[in-house]
Amino acid sequence: MLSGLAALAASRTAHAFGDVGAFNPRVVVAGGKRLSGPRSTGPAAWSMELINRTSAPARLAPREVALDRPELCNEPFAVWAGDGDVGSLSVAERRGLSKFIRLGGVLVVDDSDPQQGSFGRSVRRELLRVLPESPPVRLDPSHVVYKTFYIVERPVGRVLGPPTIDAIVRGKNAQVLLLSHDLLGALARSDEGSYSIPTEPSGYDQRQQALRFAVNIAMYVLCSDYKDDQVHAPFLMRRRAQAR
Amino acid sequence: MIERGFGVAEGVGSALTWCLCVLLASWLLLLVLEGRARKVSVWITLSGVVTALLVAAAILRPTRVTTRGTDLFPKVVVLLDRSWRLDLKVGEQTREQVALGALHALQKGLKKARLEVLGFGEGAPHPFVEGQAAAVERPTDSDLTAALRALSAAPGERPEALVVVSDGRLTSPGEAATAESLKELGTRLRIPIHTVAVASAALPDASIRKVGTTGAAVAHQKLALELSVGCSGGLSCDELPITVEELLHGEPPALLVQGTAKVRDGFAKLELPFTLDRAGRRLVRVRLDVPEGDKIAENNQRLLTFDVTRERVRLLHVAGRPTYDVRALRMWLKADESIDLIAFFILRTNSDATQVSDDSELALIPFPVDELFTEHLPSFDAVILQDIDAVEYKLERHLPALARYVRAGGGLIMVGGPSAFMGGGYAGSPLGEVLPVTLPDRDSAPPLDMASFEPRVTLAGRAAPALRGVRELLGERLPQMLGSNTLGPLRPGAIALWEHPDRKAGQGPMPMLALGDSGDGRAIALGVDGTHLLQWSELGEQNAGRAYGALWEGLVGWLMRDPRYESARLELTHECRAGAPATLSITRLPGAAVDVKVTLERLGEAAAASPPKPLQLRMEGNVETATLPLGALSEGGYTATVHIGSSPPARFDFACESGGPAFADSRPDPALLERISQQTGGVSVAAADAGSLKAPPPTHVESQRVVAALLPAWLWSMLAASAIGAHWYARRRAGLL
């Protein structure tokens with residue numbers, strides 16, 4: 001199924017011209033630690049969900065990008081996922097990450113093992129060293145990331161996790177989203193197209209919510225605060241009222 | 001002139017003279033009394049008188065005084081009204097001709113006066129030399145107060161009289177001036193002001209007497225035009241229709257507002273609100289429909305120039321799909337506080353499976369295409385169409401309106417992508433006509449090309465102020481683009497700033513970034529979808545992504561006619577008056593020698609089939625400002641398009657009026673002239689009687705004085721001594737001693 005969807009998506013993006021601006025959830029490699037296991041299919045599945053559900057183009061074969069490589073600053077988005085302590089970043093990695101953020105890039109930090117939380121804590125520690133002036137803050141439930149495409153009430157991933165997300169906000173933009181929900185875990189698929197990792201505590205609905213949240217994050221990366229524009233306000237207020 | 005007289009020797013004081021006079025008088029009195037008492041001989045009395053006079057002469061030593069001098073005629077200043085208004089007719093002649101006739105009569109009649117003829121209008125008066133006063137130098141106003149103020153402050157000899165030659169329709173003092181203020185005019189110089197009225201009767205005329213606005217002209221905001229309409233000279237006026245139109249380039253005038261002036265007692269006042277949507281210099285024509293019998297056509301319309309500002313640039317950004325390129329542009333636009341951004345992105349297509357049971361789970365709103373491109377379109381300063389398919393998203397039916405919007409002064413940027421240009425169904429559409437590039441038919445060429453390339457900066461791109469920022473940051477390097485749209489050759493007058501290094505459009509390289517004027521508006525075609533790589537690439541990262549902002553600031557700035565991104569600053573050397581030569585001043589950025597081409601077109605008319613022949617000049621490397629004579633222009637609005645070398649053209653709109661504010665009120669006001677003379681002790685006459693004015697009396701000035709003794713002092717003494725002796729002898733003989 002995955003390959004079928006990929007083929008469908010590929011046919012829709014047959015024009016390579018246009019791909020340069022396509023959503024590309026590049027996976028961060030830091031300290032030589034790579035994303036492995038079933039979650040490594042998460043970024044491609046993320047692109048596929050985006051292509052299937054929205055008009056946005058996306059790269060179906062996202063590549064890895066190292067924090068200390070200049071390619072990090074070739075695109076404005078990357079996802080940093082893991083389940084253990086990332087250790088101490090090298091000077092080059094810290095410099096690369098700093099450049100990326102200061103250039104306006106968006107980084108999603110996805111803790112694959114939020115129950116343990118060592119990945120999330122270690123990334124926060126390293127980010128504080130890179131951006132000491134920008135500590136993480138809790139995003140308001142009215143933040144645009146909850147309404148960039150779907151109207152979602154809370155962040156959801158493979159696990160339900162906390163009802164809010166923390167972020168490093170610079171200027172008016174949340175540039176680093178710190179997730180404790182194992183989003184890539186919810187997106188990961190096997191070669192046959194089935195989801196690789198079951199969601200907890202509930203099943204289908206939670207996964208659907210997780211996919212929607214992933215699409216919203218992608219749309220946030222592509223459109224920034226577009227849905228905060230005044231022109232959308234009355235529609236969204238009406239729909240939120242209907243949803244409740 | 002020589003005058004002769006007598007005096008006494010130098011050194012003889014008045015006290016001595018008086019004492020001597022008293023002594024002489026006493027002496028003569030004694031002689032007379034003696035003669036009566038003693039009956040002395042008349043000869044003794046006579047010798048006594050002679051002796052007394054000779055003694056007096058010996059003391060006073062009389063002199064002959066000859067003086068040479070001149071009669072200095074008084075300085076009289078003639079202030080001649082130089083306003084255009086004096087081109088109005090008085091019978092068969094213009095007021096100007098009548099004024100010159102009066103001047104000739106003054107020159108003839110005031111022969112015993114030194115006449116200085118000055119022309120007055122605005123500010124200090126200037127020497128008037130008949131035959132050398134070109135029409136272009138003539139002012140609109142007749143400010144007598146300013147002229148007198150300047151005269152009183154000027155050093156040198158003060159005039160003893162002033163003669164004002166005018167029709168009396170003065171800007172200052174106005175017809176409502178008080179007697180005190182008129183009196184004060186004369187007290188500045190402490191001289192009488194004589195006046196010569198060159199016209200007395202008003203012609204039948206209906207006119208726009210005054211035009212004013214409340215507040216500054218700001219794009220998209222209502223502006224109230226306050227009009228005063230007058231009817232004079234016995235013309236019958238009742239309700240006079242007024243039309244206010246904007247003059248556009250290559251288009252018929254666009255109606256802004258209409259109204260009716262209800263004239264009561266020869267006067268009407270009305271307010272007409274209207275909105276100008278485009279910023280920059282806008283020309284507005286106000287037309288008054290006059291009744292039959294109106295004799296002065298020049299003041300039936302006014303051409304007004306508004307420098308329309310904008311509080312914020314209002315941009316509509318429409319994107320066919322969200323990409324990093326869309327993201328970068330949106331973030332840049334949002335970060336600029338001077339931009340009011342309205343954005344619509346297509347986030348879902350009909351084939352997308354959103355996996356919702358109900359659309360209320362989506363944060364999507366319908367793309368209000370009809371509303372945007374009909375009702376709200378004029379409210380935007382520019383529209384950015386980014387990679388949006390006109391057919392799929394029902395934009396197609398609004399493309400004619402969008403093209404009209406551009407021609408009427410709107411801005412357009414079409415940003416590349418698979419669904420832009422040919423790929424979006426724009427080829428052959430009305431919008432394609434306003435782009436700076438032609439778009440080939442879909443059958444004749446593929447809509448896009450997948451080959452990577454680095455855009456090449458053209459000669460014009462190197463010279464364009466719009467790309468100065470990028471040049472300063474990156475030089476001529478640009479990031480690799482992953483493919484390009486297919487664009488055709490440039491339209492006439494358009495400029496390519498970037499071109500494809502390999503692909504051809506017609507005979508030349510394919511333009512990748514082109515800009516050009518279309519009617520009153522401007523349009524930019526960008527045939528790539530990767531300008532965000534100026535920020536998000538190794539090249540972009542080297543300057544912290546600032547090149548991206550520099551590019552879009554330049555492009556949006558050029559589109560909005562920001563003077564910083566124009567290739568030249570243009571202005572007229574003086575107000576343009578119909579029928580008089582106009583001259584354009586061109587100031588360019590410092591640089592190498594360039595050829596300058598200027599095309600002049602009338603506003604408010606459909607574009608000519610063949611482009612007008614350009615005027616040309618060459619600016620050498622050390623020349624930054626040059627002037628170009630445009631010739632004598634007829635009444636109307638004009639646009640001068642200036643091409644400086646290979647830079648994008650700069651444009652300057654201006655109006656040439658036949659009458660303008662000078663003709664606004666055609667009524668002469670001899671009563672005001674009479675009041676001025678009355679209050680300052682002068683005389684007011686009609687032009688026909690100008691020769692009857694009298695000059696003040698001349699002043700005599702001595703230039704030489706010669707004093708010569710009538711006789712030498714020793715001779716006076718000898719004669720006096722002899723006379724004393726003879727008198728003594730006579731008295732002795734008569735037995736009086």
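**Exercise 1.** Find how far apart the centres of domain 3 and domain 5 of chain B lie, and describe the side of domain 3 that touches domain 5.

Solution. Step 1: taken over C-alpha atoms, the centres of domain 3 of chain B and domain 5 of chain B are separated by 26 Å; the domain bounds come from an automatic or database domain assignment.
Step 1: 13 residues of domain 3 of chain B are in contact with 13 residues of domain 5 of chain B (contact: C-beta atoms, placed from the backbone, within 7 Å).
Step 2: β16(B) gives the most to this side of domain 3, three residues (strands are DSSP runs of E, at least two residues, and helices runs of H or I, at least four, numbered from the N terminus).
Step 3: by class, this side of domain 3 has six nonpolar, four polar and three charged residues (nonpolar: Ala, Val, Leu, Ile, Met, Phe, Trp, Tyr, Cys and Pro; charged: Asp, Glu, Lys and Arg; polar: the others, Gly among them).

A note on reading: this is a predicted model, where local features need pLDDT of at least 70 and side-chain atom pairs count only at pLDDT 80 or more, while totals for chains, interfaces and linings use all residues. Residues are numbered from 1 along each chain as its sequence is written, and chains are lettered from A and ligands numbered from 1 in the order in which they are written.

**Exercise 2.** Name the residues through which α2(A) and α6(A) meet.

Solution. Step 1: W46(A), E49(A), L50(A) and R53(A) of α2(A) meet L211(A), A214(A), V215(A) and A218(A) of α6(A).
Step 1: this contact has six nonpolar, two charged and no polar residues.

Methods. Two residues are in contact if their C-beta atoms, placed from the backbone, lie within 7 Å.
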